[in-house]
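Subject: A structure for you to look at

Hi there,

Here is the structure I promised to pass on. Please open it next to this email, and then read on for what was found in it.

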Amino acid sequence: MEREVVLNGVKEQAAWWLEERLKKVRQEKHDTMEVNPFMAPLVSALHGHSDFHELADFLLGGHFAIGHATGFGKLIDEKILPRVFGTTKLDKATREAKNFKKSCFDNIDHVVRKDGKEILLSLKASKWTIQLGQAVELNKSFKEIRELFEAAEHSHDQVVIATFYGRAENLTDKYRLVRGISFGANHDVHDLQDYVIVLAGQEFWSWLGGHPDTQIWVMEGIQAAIESKREGLREAQSLMTEFRNSFARRYEAFIDSDGIIDWVGILKATNGG
């Protein structure tokens, strides 16, 4: 693929994602956010928070982080891969039309066209995404997919399982288990090394885009999206500051003149008693 195609495509999709996240920030009801009265003193002690502004920064970051992470995964999976790189996202309708209804295809996310072939892609976020039980089940599913290929029930002669960041050498051994490579304990997995390959980080993006600099083009597109949304991002930062200050003001009554926080008072105010 060409650099400008990737850059501009990613810019468009990342700008859309930023706008969606900005909507979430604008809609947030900061006056309904409540502190966990049992965890708060532990977190404050652990991180050395000296006041509620610091605690509020930490809690607000955590509050939004899960949504951001989930949304970013969808950005890659549902927007950038199909719209920029031309993959076929296997949503419900596509599975019906493409005959991917069998349960063994449940962990296949995309079909990627490369060199006249259609390759099955199972996309994972990071090296920690797969746990032991999942690895064994994936191995079983991919074995069934290979058997269907050998029986000429489909034409997909390879499965790629990939993470969009990280390095292959740093992936957990669960990714090897998926391919049937088991050291030590017997996990009852099947050897699929000739059918399933693992790609991580730069290797994945290079394979997807057909150029070793593909991941750089993706990053350039993300940076261009940020520049295009500067005004909205400044608004979000102002809102976050107001969220923090409003949150801190709600607990001012529980801080004495020496800056000591009355955690029991916060507990009673939150839970009753």
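Helices here are DSSP runs of H or I with at least four residues, strands are runs of E with at least two, and both are numbered from the N terminus.

Before going further, a word on how to read everything. This is a predicted model, in which local features need pLDDT of at least 70, side-chain atom pairs count only at pLDDT 80 or more, and totals for chains, interfaces and linings use all residues. Residues are numbered from 1 along each chain as its sequence is written, and side-chain values use heavy atoms, with hydrogens and water left out.

**Confidence**

The predictor's confidence in each residue is called pLDDT and runs from 0 to 100. The chain has an average pLDDT of 89, and 96% of the residues score at least 70. Among the elements, helix 8 (residues 214-228) has the highest mean at 97, while helix 9 (residues 230-250) has the lowest at 84.

**The whole chain**

You will find 10 helices and 5 strands in the chain. The radius of gyration is 24 Å, well over the 19 Å that the globule rule gives for 273 residues, so the chain is more spread out than a compact globule. That radius is taken over C-alpha atoms, and the globule rule is 2.2 Å times the number of residues to the power 0.38. Along the principal axes, the C-alpha atoms fill a box of roughly 75 × 50 × 35 Å.

How much of the chain is buried? Of its 273 residues, 41% count as buried. Buried means under 20% relative accessible area, exposed means over 50%, and partly exposed is in between (1.4 Å probe, protein chains only).

Arg21 counts as buried, with a relative accessibility of 15%. Leaving out residues up to four places away in sequence, Arg21 touches Phe64, Gly67 and His68, where contact means heavy atoms within 4.5 Å. Arg21 and Gly71 are 50 residues apart in sequence, and their C-alpha atoms are 8.1 Å apart in space.

**Helix 2 and its two sides**

An α-helix has 3.6 residues a turn, so residues three or four places apart point the same way. Just after helix 2 comes Gly48, with a positive phi of about 70°.

**Two loop residues**

Another is Asp115, with phi near 50°, in the loop between strand 2 and strand 3 (117-124). Asp115 is exposed, at 79% relative accessibility.

**Salt bridges**

Side chains of opposite charge can pair when their charged atoms come close. A salt bridge here is a side-chain nitrogen of Lys or Arg within 4 Å of a carboxyl oxygen of Asp or Glu, and the count by this rule is 18. In one of them, Arg26 pairs with Glu19, with the closest N and O atoms 3.1 Å apart. Both ends are partly exposed: Arg26 at 35% and Glu19 at 24%. A network of salt bridges links Glu19, Arg26, Lys229 and Glu235. Elsewhere, Glu227 meets Arg230 at 2.8 Å, N to O, and Asp173 meets Lys174 at 2.9 Å.

Enjoy exploring, and write back with any questions!

Best wishes
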